[in-house]
Amino acid sequence: MNPSAKIRLLLVDDHFMIRVGLRGSLDQESDMVVVAEAENAGEAWEKYRAERPDVVLMDGRLPDQHGVEATRRLREEFPDARVILVSVDEGEEDIHRAVEAGVQGYLPKSVAREELLLAIRRIHQGGRYFPPAVAARIAARKKREPLSDREVGVLRLVMKGFANKQIAEELKITEATVKAHVSNILDKMDAPDRTRAVTVAIERGIMRLE
């Protein structure tokens, strides 16, 4: 195959051995070639600018910026950039943020080789690729009323064990307002109590344990 006809790939991952493994596997394909690698978001942007690859495999967690934000920045300058986010984060909110940032595919780190190849080829052809489990989370997220920024802030303090009075002092709002926010959070999360609301928020990727 003519090298110019191959799918040109940029690998973005901060782990050297992962990049080595991916390059070795992908370069075996007759229709693919890895043209560049990057270990962080800043380097990914520079390599994309220089090489203009067809498809970017973007790690979800990079040392200088989350893969979602790196994708958003990349597509702001290059709207046609085709990005597959490969991440350990599989909560519906994680996936929702990635889709909003403009990814054409979202794969778990545990993805099988054949599925990765399928995703690359489909996205190179102008399509999108989300495995069934990921697609289900995208659909579920669309049906939910999202938490407001203030509600997320309240829930973060709940996760830290703050009582309503402490939350009110921290956010400089009344205790009655805190109670209203907590009530709304429980309703939106379909949670019977604060503990379950925190658990659901972590499961969905709204918040992470620090």
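**Note on the predicted model: charges, cores and local backbone**

1. The protein carries 34 positive and 36 negative side chains, and the centres of these two sets lie 2 Å apart; in this count Lys and Arg are positive and Asp and Glu negative, while His and the chain ends are not counted. The place of a charge is taken as NZ of Lys, CZ of Arg, CG of Asp or CD of Glu.

2. This is a predicted model, in which local features need pLDDT of at least 70 and side-chain atom pairs count only at pLDDT 80 or more, whereas totals for chains, interfaces and linings use all residues. Residues are numbered from 1 along each chain as its sequence is written, and side-chain values use heavy atoms, with hydrogens and water left out.

3. As to the overall architecture, the protein has 10 helices and 5 strands, where helices (H or I, at least four residues) and strands (E, at least two) are DSSP runs numbered from the N terminus. The C-alpha trace spans about 70 × 30 × 30 Å along its principal axes. Of the contacts between residues at least 6 apart in sequence, 62% join residues at least 24 apart, a contact being heavy atoms within 4.5 Å.

4. The accessible surface comes to about 11,000 Å², and 49% of this surface belongs to carbon and sulfur atoms; areas come from the Shrake-Rupley method with a 1.4 Å probe, and for residues only the protein chains shown count as cover. Buried residues make up 44% of the 210 residues, with buried meaning under 20% relative accessible area, exposed over 50%, and partly exposed in between (1.4 Å probe, protein chains only).

5. The largest nonpolar core has 25 residues, and those with the most contacts inside it are Val12, Tyr48, Val56, Met58, Leu74, Leu85 and Tyr106; such a core is a set of buried Ala, Val, Leu, Ile, Met, Phe, Trp, Tyr and Cys residues joined through side-chain atoms within 4.5 Å. Among the elements that give two or more residues to this core are strands S1 (7-12), S2 (32-38), S3 (55-59) and S4 (83-87), together with helices H2 (41-51), H3 (67-77), H4 (92-101) and H6 (132-143). A second, separate core of 20 residues includes Leu157, Val158, Ala168 and Ala201.

6. A search of the whole structure finds 1 aromatic pair. Tyr48 and Phe78 form this pair, which is tilted, at 4.9 Å centre to centre and 45° between the planes; rings of Phe, Tyr and Trp (its six-membered ring) pair if their centres lie within 6.5 Å, and planes under 30 degrees apart count as stacked, over 60 as edge-to-face and the rest as tilted. The pair links distant parts of the chain, with Tyr48 in helix H2 and Phe78 in the loop between H3 and S4, 30 residues apart, and both Tyr48 and Phe78 are buried.

7. In H4, the buried residues are Glu92, Glu93, Asp94, Ile95, Ala98 and Ala101, and the buried residues of this helix pack against H3, S4, strand S5 (105-108), H6 and helix H10 (194-204). Glu100, by contrast, is found in H4 but counts as exposed at 54% relative accessibility; the C-alpha atoms of Glu100 and Val68 are 8.9 Å apart in space, although the two residues are 32 apart in sequence.

8. Just after H4, Gly102 takes a positive phi of about 110°. The C-alpha atoms of Gly102 and Asp80, 22 residues apart along the chain, are separated by 9.7 Å; Asp80 is found in the loop between H3 and S4 and is exposed, with a relative accessible area of 70%.

9. Two further backbone values deserve a check, given that most residues other than glycine have a negative phi. Arg52, in the loop between H2 and S3, has a positive phi near 45° and is partly exposed at a relative accessible area of 48%. Lys172, in the loop between H8 and helix H9 (175-188), has a positive phi near 60° and is exposed at 74%.

10. Asn164 lies in helix H8 (residues 164-171) and counts as buried at 16% relative accessibility. Leaving aside neighbours within four places in sequence, Asn164 is in contact with Glu175, Val178, Lys179, Val182 and Arg194.
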